[in-house]
Amino acid sequence: MCAKQRHNYKNLKICKLGLEITNDISDILLNFPKHERYDLSSQISRCSVSMPSNIAEGSSRTDKSFKYYLDISLGSSFELGTQLLVAN
């Protein structure tokens, strides 16, 4: 029986973009006021890391599950957008 081929998340453009966003967010958070370091900035950091992390995790699953993880990643991107609006 042939093993099912999985997605190589390291080659996926969407994962590369997610990693770029995560790095950009890290740079932005350095300029946040100290009183936001443990509240809003922590949440922003966590959801930016969640985007590429869910893509990577989902890539090891079936195609159906992978789509689910992509949806979770998309949700994290919407969450991040909202948090950046609040931060602005």
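What percentage of the 88 residues of the protein chain count as buried? The share is 28%. The legends below describe close-up views of a predicted model.

**View 1. Overall layout of the protein chain.** The chain contains 3 helices and 0 strands. In sequence order the pattern is α-α-α. Helix α1 covers residues 13-29, helix α2 covers residues 40-58, and helix α3 covers residues 63-87. Along the principal axes, the C-alpha atoms occupy a box of roughly 55 × 20 × 20 Å.

**View 2. Packing of α1 against α2.** Two packed helices are described by the angle between their axes and the distance between the axes. For α1 and α2, the axes come within 8 Å and cross at roughly 165°. Because the cut-off for roughly antiparallel is an angle over 145 degrees, α1 is roughly antiparallel to α2. The handedness of the crossing between α1 and α2 is left-handed.

**View 3. Packing of α2 against α3.** The axes of α2 and α3 lie 8 Å apart, at an angle of about 160°. This pair of helices is therefore roughly antiparallel as well. The crossing of α2 with α3 is left-handed.

**View 4. The salt bridge between R61 and E57.** The structure has 1 salt bridge. In this contact the side chains of R61 and E57 meet at 3.0 Å, N to O. R61 has a relative accessibility of 33% and is partly exposed. E57 is also partly exposed, at 37% relative accessibility.

View 5. Which residues make the nonpolar surface patch of about 240 Å²? The patch is made by I14, L17 and L70. I14 is located in helix α1. The relative accessible area of I14 is 46%, so this residue counts as partly exposed; the partly exposed class lies between the 20% limit for buried and the 50% limit for exposed.

View 6. Is I25 buried or exposed? I25 is buried, because its relative accessible area is 4% and the buried class takes values under 20%. The residue belongs to helix α1. From I25 to S59 the separation is 34 residues in sequence and 24 Å in space, C-alpha to C-alpha.

**View 7. D71, a residue of α3.** D71 sits in helix α3. With a relative accessible area of 52%, D71 is exposed, since the exposed class takes values over 50%. How far apart in space are D71 and I28, C-alpha to C-alpha? They are 25 Å apart, with a sequence separation of 43 residues.

**View 8. R6, in the segment before α1.** R6 is placed in the segment that precedes helix α1. This arginine is partly exposed, at 37% relative accessibility. Between R6 and L84 there are 33 Å, C-alpha to C-alpha, and the two residues are 78 apart in sequence.

Terms used: Residues numbered from 1 in each chain as written. Predicted model: local features only at pLDDT ≥ 70, side-chain atom pairs only at ≥ 80, totals over all residues. Heavy atoms only, no water. Patch = residues over 30% accessible without salt bridge, like charges linked within 9 Å, V, L, I, M, F, W, Y side chains within 5 Å. Areas by Shrake-Rupley, 256 points an atom, 1.4 Å probe, with all protein chains shown as cover. Salt bridge = Lys/Arg side-chain N within 4 Å of Asp/Glu carboxyl O. Helix = DSSP H or I, 4+ residues; strand = E, 2+ residues; numbered from the N terminus. Buried < 20%, exposed > 50% of the residue type's maximum accessible area, 1.4 Å probe, protein only. Axes fitted to C-alpha atoms, helices over the stretch in contact; angles between N-to-C directions. Parallel < 35°, antiparallel > 145°, perpendicular 65-115°, else oblique. Left-handed = near helix turned anticlockwise from the far one by under 90°.
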